[in-house]
Amino acid sequence: MMRFDQKAIIFDMDGTLVDNIRYHEESWIIFLKEYGIEIDLPTFAPQNHGTLDEMIVRFFGSDLSKDRIYELGLKKKKRTKICISRTSRK
């Protein structure tokens, strides 16, 4: 049986402890461009809120199936990981 003796757990809610917003912004802009949606940071920034699914609907339209939203969400998460890993290797 595994014991858990820690007194606290810290959850970082995107930006609370680690400022990772630049990776999300960069990955969104690259991800959207891959689908023919050209957007610059000043235009994107005010729209950068909500859940991943909400943002996908915002940029791709409300006529997407739940499966397509999920699929695009996975691709966006992969793009974010690429952006973060590329920077962490420097």
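This is a predicted model: local features need pLDDT of at least 70, side-chain atom pairs count only at pLDDT 80 or more; totals for chains, interfaces and linings use all residues.
## Overall fold

The protein chain contains four helices and zero strands, and its elements run α-α-α-α from the N terminus on. Of its 90 residues, 22% are buried, while the accessible surface of the chain comes to about 7,100 Å², with carbon and sulfur atoms accounting for 56% of that area.

When contacts between residues at least 6 apart in sequence are considered, 49% of them join residues at least 24 apart.

## Helix H1

Helix H1 spans residues 21–34; the helix has 14 residues and reaches 20 Å from its first C-alpha to its last, which is close to the 20 Å expected at 1.5 Å a residue. The residues of H1 that are buried are Tyr 23, His 24, Glu 25, Ser 27, Trp 28, Phe 31 and Leu 32. After H1 comes Gly 36, a residue with a positive phi, near 80 degrees.

## The nonpolar core

The largest nonpolar core has ten residues in all, namely Trp 28, Phe 31, Leu 32, Ile 39, Phe 44, Met 55, Ile 56, Phe 59, Ile 69 and Leu 72. At least two residues of this core are supplied by each of H1, helix H3 (52–60) and helix H4 (66–88).

Trp 28 is in contact with Phe 44, Leu 52, Met 55, Ile 56, Phe 59 and Lys 76. Ile 69, which lies in helix H4, is buried with a relative accessible area of 12%, and the residues in contact with Ile 69 are Asp 53, Ile 56, Val 57 and Leu 64. Ile 69 and Glu 54 are separated by 15 residues in sequence, and their C-alpha atoms are 9.1 Å apart in space.

Another salt bridge joins Arg 79 and Glu 34, whose closest N and O atoms are 2.6 Å apart. This pair, too, links distant parts of the chain, since Arg 79 belongs to helix H4 and Glu 34 to helix H1, 45 residues apart. Arg 79 counts as buried at 17% relative accessibility, whereas Glu 34 is partly exposed, with a relative accessible area of 46%.

Lys 75 and Glu 71 meet through their side chains in a salt bridge of 3.4 Å, N to O. The two residues are four residues apart in helix H4, so about one helical turn separates Lys 75 from Glu 71. Both are partly exposed, Lys 75 with a relative accessible area of 37% and Glu 71 at 32% relative accessibility. Through salt bridges that share partners, Arg 68, Glu 71 and Lys 75 are joined into one network.

## A nonpolar surface patch

On the surface, Ile 10, Leu 17 and Val 18 form a nonpolar patch that together has about 330 Å² of accessible area. Leu 17 lies in the segment before helix H1 and is exposed, with a relative accessible area of 56%.

How values were computed. Residues are numbered from 1 along each chain as its sequence is written. Side-chain values use heavy atoms; hydrogens and water are left out. Patches are made of residues with over 30% relative accessible area and no salt bridge: like charges are joined within 9 Å, nonpolar side chains (Val, Leu, Ile, Met, Phe, Trp, Tyr) within 5 Å. Accessible areas come from the Shrake-Rupley method with a 1.4 Å probe; for residues, only the protein chains shown count as cover. A salt bridge is a side-chain nitrogen of Lys or Arg within 4 Å of a carboxyl oxygen of Asp or Glu. Buried means under 20% relative accessible area, exposed over 50%, partly exposed in between (1.4 Å probe, protein chains only). The expected span of a helix is 1.5 Å times one less than its number of residues. A nonpolar core is a set of buried Ala, Val, Leu, Ile, Met, Phe, Trp, Tyr and Cys residues joined through side-chain atoms within 4.5 Å. Contact means heavy atoms within 4.5 Å. Lists of a residue's contacts leave out its neighbours within four places in sequence.
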